[in-house]
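Subject: Structure handover

Hello,

Here is the structure you will be taking over. My notes on it follow below.

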Amino acid sequence: MLPEPEAAALAASRALIERIRAEVKANGDWIGFSRYMELALYAPGLGYYAGGSAKLGAPGDFATAPELGTLFARTLARQVAALLQPGEAILEFGAGSGALAEALVGELSQENYLILETSPELRARQEARLGGRARWVEQLPARFRGVMLANEVADAMPVHALAWRENRILERGVDETLSWAERPASGELLAAARRLEVPVPYESEIGLVGRAWMKLLAARLERGALLVIDYGFPQREYYHPQRATGTLMCHYRHRSHGDVFFHPGLQDITAHVDFSALAQAAREGGLDVLGFANQAQFLVNCGITEVLEREDAADAARYAPRAAEAQKLLSPAEMGELFKVLAVGRGVQRPLLGFASGDRSHTL
Ligand SMILES: C[S@@+](CC[C@H](N)C(=O)[O-])C[C@H]1O[C@@H](n2cnc3c(N)ncnc32)[C@H](O)[C@@H]1O
C-alpha cells in the first residue's frame with residue numbers, strides 16, 4: 001500500500017485530473033501517453049515538477065547521486081575540468097535541488113555556471129541555495145562552448161508508449177476515465193516503432209522528445225561535450241524480449257511502482273533511457289560519441305578512490321558516510337550498473353578520462 005497524500009495535495013491532484021480530462025475531451029476522448037506524462041509532470045502550477053512537493057531527498061520521493069553527498073560531484077569534477085578550455089562555461093540541465101551545481105562550483109572555482117531549469121519551483125530553490133554562484137537561462141544559448149551536464153534529466157522527459165500486437169502497432173494513450181486506451185500509431189512514431197525488432201505482444205516506450213532535445217543541443221554546441229547520466233540501456237537491452245512491459249516507473253515517497261495514474265501531479269513518472277537512440281540523434285546532429293560506460297566504471301576511471309582517500313579514514317564519523325556513498329554509487333546492485341554515462345561532443349580529443357577503460361560505445 002502506498003501512503004495516502006494529505007488533503008491539500010489531493011485537491012491539487014484533483015485539479016490536475018480535471019485539467020487533463022478537459023484536454024482529453026477536447027481532443028476526441030484520447031491523448032497520447034507522451035502528452036499525459038507532460039501534463040502530469042509539467043502542467044503549470046499543477047504538474048509534479050511545477051508543484052510544491054519536496055520531490056528530492058529524504059522528505060521527497062527519490063534520491064539522486066548528487067543528493068547522497070559530494071563524492072559524485074567531486075569525482076565528476078575531474079572529467080569536467082579535463083574537458084573545459086579557458087573561458088568556457090558549464091551548463092547544467094534540470095539542476096534539482098542545486099546540490100550538484102553547488103559542489104561543482106566549489107570544486108572547480110567555476111565562475112561561468114549556467115542552469116537551464118524547466119521547473120519554476122525548483123529554479124526558486126536553486127536560486128535560494130546558489131545565489132550569485134550560478135546564472136539561470138530560459139532557453140538554450142544560440143551557441144555554446146564548454147560542458148553540458150544532464151543528471152537524471154533524460155528519464156524525466158515525456159515518452160511515447162507503444163504496443164506491438166499481431167500485425168499492428170498501436171500508440172498507447174489515455175481516455176477520459178484516465179485509463180489506458182490505444183489508437184493506431186502513425187507518422188514518425190510508427191516509423192521509429194517499425195525499426196525496432198521486438199517479439200509480439202510487446203509494450204515499451206520511445207523517447208522522441210529526448211531525441212529532439214539531443215538534436216537541438218547538437219546544433220548549439222560549437223565545441224565541447226555533453227554528459228548524459230541516467231538509468232537505461234543500449235537499444236538491444238532496452239527492447240529485450242524479456243522487458244515486454246516496458247520501463248515506465250513511478251516514484252512516490254521512496255517507493256517505486258508502475259501505476260502511472262496514481263494521484264497525477266503527486267508522483268514522479270519516468271522511463272529508462274534508450275542510450276542508442278540518444279547517441280544516434282547526436283551523430284545525426286554532427287556530434288561524435290565520445291564514450292559510454294556504466295556509472296561505476298566511469299567514476300572509477302575518474303578516480304573516485306583517490307577522491308575518497310582524501311578523506312581521513314581515522315575520522316570514522318566523517319569517513320563512514322563517504323564510504324557508504326561510494327558503495328551506493330558503485331555497487332552493481334545499486335547505481336553502479338543500471339546508471340550509465342554517455343558523452344557526446346564536438347572538437348574533443350578521445351579518450352576521455354572517464355572512459356579510459358571499459359568504454360562500451362560499440363554496444364550503442
Ligand atoms: C529527476 S530530477 C533530477 C534533478 C538533478 N539533476 C539531480 O540529479 O538531483 C529532473 C530534473 O530535470 C528537470 N527537467 C526536466 N526536463 C527538462 C528539460 N527539458 N530541460 C531542463 N530541465 C528539465 C526537472 O525540472 C528536474 O529538475
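**Leucine 178 and other backbone points**

Leucine 178 has 11% relative accessibility, so it counts as buried; buried means under 20% relative accessible area, exposed over 50%, and partly exposed in between, with a 1.4 Å probe and protein chains only. Its phi is positive, about 55 degrees, although leucine 178 is not a glycine. This residue is placed in the loop between β7 (168–174) and β8 (180–184). Helices (H or I, at least four residues) and strands (E, at least two) are DSSP runs, numbered from the N terminus.

Before going further, note that this is a predicted model, in which local features need pLDDT of at least 70 and side-chain atom pairs count only at pLDDT 80 or more, while totals for chains, interfaces and linings use all residues. Residues are numbered from 1 along each chain as its sequence is written, and side-chain values use heavy atoms, with hydrogens and water left out.

Serine 109 also has a positive phi, of about 45 degrees, and is not a glycine. It sits in the loop between α5 (99–108) and β3 (113–116). Serine 109 counts as exposed because its relative accessibility is 60%.

One runs from valine 200 to proline 201, with omega near -5 degrees. Proline 201 is in the loop between α7 (187–194) and β9 (202–206). Another cis bond joins arginine 350 and proline 351, where omega is about -5 degrees. Proline 351 is found in the segment after β16 (339–346). As background, most residues other than glycine have a negative phi, and most peptide bonds are trans.

**The ligand**

What surrounds the ligand? The shell consists of 18 residues, and the closest are Tyr42, Thr64, Gly94, Glu117 and Asn151; a residue is near a molecule or strand if one of its heavy atoms lies within 4 Å of it. By class, 10 of the shell residues are nonpolar, six are polar and two are charged. In this scheme Ala, Val, Leu, Ile, Met, Phe, Trp, Tyr, Cys and Pro count as nonpolar, Asp, Glu, Lys and Arg as charged, and the others, Gly among them, as polar.

- Threonine 64 places a polar side-chain atom 2.5 Å from an oxygen atom of the ligand.
- Glycine 94 has a backbone N or O atom 2.7 Å from a nitrogen atom of the ligand.
- Threonine 118 has a polar side-chain atom 3.3 Å from a nitrogen atom of the ligand.

The ligand taken alone exposes 600 Å², of which the protein buries 94%. Accessible areas come from the Shrake-Rupley method with a 1.4 Å probe; for residues, only the protein chains shown count as cover.

Helix α1 covers residues 7–26, which is 20 residues. From its first C-alpha to its last it reaches 29 Å, close to the 28 Å expected at 1.5 Å a residue; the expected span is 1.5 Å times one less than the number of residues. The buried residues of α1 are Leu10, Ser13, Leu16, Ile17, Ile20, Glu23 and Val24. Seen down the axis of α1, they fall within an arc of 140 degrees, so they line one face of the helix. That arc is taken from the directions from the helix axis to the C-beta atoms. On the other side of α1, Ala7, Ala8, Arg14, Lys25 and Ala26 are exposed.

Helix α2 (residues 33–42) has seven of its 10 residues buried, so it is largely enclosed by the rest of the structure. The buried residues in α2 are Phe33, Ser34, Tyr36, Met37, Leu39, Ala40 and Leu41.

**Pairs of residues**

Glycine 224 belongs to strand β10 (residues 221–233) and counts as buried because its relative accessibility is 1%. Glycine 224 and glutamate 88 are 136 residues apart in sequence and 8.9 Å apart in space, C-alpha to C-alpha.

Leucine 196, in the loop between α7 and β9, is buried at 11% relative accessibility. Its C-alpha atom is separated by 9.2 Å from that of arginine 236, 40 residues apart along the chain.

Glutamine 327 lies in helix α13 (residues 316–330). At 49% relative accessibility it counts as partly exposed. Glutamine 327 and valine 137 are 190 residues apart in sequence and 35 Å apart in space, C-alpha to C-alpha.

Regards

Conventions: Polar contact = N/O pair within 3.5 Å; in protein donor to acceptor, adjacent residues only side chain to side chain.
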